[in-house]
Amino acid sequence: MQSFDKLFGGIYKGKTVLVTGHTGFKGSWLSLWLEKMGANVVGYSLEPPTQPNHFGLLTINMTSIIGDIRDSGKLDEVMATHTPEIVFHLAAQPLVRLSYREPVETFEVNAIGSLKVFEACRKAGSVKSLVSITTDKVYRNNEWVWGYRESDPFGGYDPYSASKACAEIATDSYRNSFFNLDRYGIDHNTLLCTTRAGNVVGGGDWAADRLIPDIMKAVSRKEPVIIRNPKSTRPWQHVLEPLAGYLALGEKLYQGEKMFAEGWNFGPSDDDVLSVHEILNIIREFWPDIEYEIQANPNNPHEAGMLQLDWAKARTYLKWQPVWKMNTTIERITNWYRNYYQKNEISSLDDLQQYVADARALGLDWTK
Ligand SMILES: NC(=O)c1ccc[n+]([C@@H]2O[C@H](COP(=O)([O-])OP(=O)(O)OC[C@H]3O[C@@H](n4cnc5c(N)ncnc54)[C@H](O)[C@@H]3O)[C@@H](O)[C@H]2O)c1
């Protein structure tokens with residue numbers, strides 16, 4: 001296996017890193033990557049949200065703690081025991097449609113839960129780098145063709161988007177009140193940023209009402225997948241793309257670079273902002289067995305139609321950029337699920353190694 005030790009300036013090797021939401025789709029990929037870089041990974045979250053789940057299929061050498069982020073007592077205990085220097089906060093109720101059924105719980109977990117994580121970090125005092133994951137849906141959606149910038153107003157039609165926008169406002173308050181940049185190194189040693197990525201796809205996601213998991217579950221049952229909104233466009237990207245951005249931010253904050261303690265967008269190239277229909281057509285090139293039926297129901301709850309992100313800030317200051325084009329992403333994903341359903345194997349480590357090799361070939365800063 002190629003060495004991962006030197007990625008992101010080699011800062012993760014030997015560091016204790018807390019990942020909230022490690023049993024989820026993105027958190028499990030992040031934990032795998034951190035472990036391969038030699039970090040001492042501590043995970044804190046509820047049980048895996050689906051069965052099967054990526055976390056359960058991986059064998060990661062890490063400490064896994066099952067707990068609720070709203071349980072401040074338990075969070076404080078975990079922080080005091082493990083004294084992490086770097087925290088990635090991903091735990092959330094991440095589903096738009098579920099948020100219509102459970103709005104209050106969604107706000108509790110996503111907004112108040114985030115505050116409880118920040119508060120635990122504040123009390124612990126060990127955390128230098130705190131990266132909080134929100135979403136591209138935090139921007140007030142005007143259904144326009146332009147990508148949203150980090151300076152655009154927050155909003156949120158559905159409870160999920162609004163709860164994450166609340167988390168952003170709460171973050172800003174914490175950054176002003178407790179992790180103030182002018183008081184850094186004087187009253188505190190914590191730099192806090194937020195990250196807003198688009199629709200993330202990859203092997204090992206079985207969440208409800210998401211396009212790729214819906215397609216893969218249907219094809220495994222030899223059934224057509226039901227498509228709700230074929231014309232919706234989203235900034236699709238492989239899960240490893242935003243994770244590279246989160247890890248790059250984790251490194252900058254750890255090194256005390258205050259200008260990175262802000263909000264950051266991570267999106268795909270413009271020509272990879274595709275409609276659901278276009279994504280389906282690419283997937284079928286790699287797995288022709290996939291069939292679909294379009295059932296647009298006017299009674300479906302509202303979901304944003306057009307959503308794009310402007311990630312010029314990440315490209316300019318963080319030197320981040322996507323590594324894989326959509327064809328490569330879709331090919332890797334279909335292979336991942338085909339291996340799983342047909343051979344009972346998973347290819348996550350292989351995906352990670354290829355991704356890092358391709359990023360190295362592009363000469364990206366975080367690989368040097
Ligand atoms: N997947 C995407 O396309 C996408 C896009 C934008 C943003 N995000 C954000 O990325 C993060 C991870 O999303 P995901 O797709 O991996 O979701 P997921 O549902 O797979 O994982 C969510 C994780 O949070 C944990 N969790 C939920 N409620 C909790 C609670 N009260 N206390 C402790 N842990 C709790 C779950 O156990 C799980 O580990 C979320 O913050 C989500 O909003 C995801």
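I began with Ile133, which stands opposite Thr195 in strand 6. I noted that strand 5 (residues 129-133) and strand 6 (residues 191-197) run parallel and are joined by 5 bridges; strands here are DSSP runs of E with at least two residues, and helices are runs of H or I with at least four, numbered from the N terminus.

I kept in mind that this is a predicted model, in which local features need pLDDT of at least 70 and side-chain atom pairs count only at pLDDT 80 or more, while totals for chains, interfaces and linings use all residues. Residues are numbered from 1 along each chain as its sequence is written.

I then looked up the open sheet, whose 7 strands have the order 3-2-1-4-5-6-11 with parallel pairing (two strands pair if DSSP finds at least two bridges between them). Strand 3 (63-66) and strand 11 (263-266) stand at the edges with a single partner strand each, so one side of each is left without a neighbour in the sheet.

Next I turned to the ligand, where Gly21, Gly24, Lys26, Ala91 and Ala92 come nearest of the 25 residues around the ligand; a residue counts as near if its C-beta atom, placed from the backbone, lies within 6 Å. Two or more residues of this shell come from each of helix 1 (25-36) and helix 5 (103-124), and helix 1 gives the most, with 3 residues.

Lastly I checked helix 9 (residues 276-286) and helix 11 (residues 326-343), whose axes, lines fitted to C-alpha atoms over the stretch in contact, come within 9 Å and cross at roughly 55°.

Conventions:
Axes fitted to C-alpha atoms, helices over the stretch in contact; angles between N-to-C directions.
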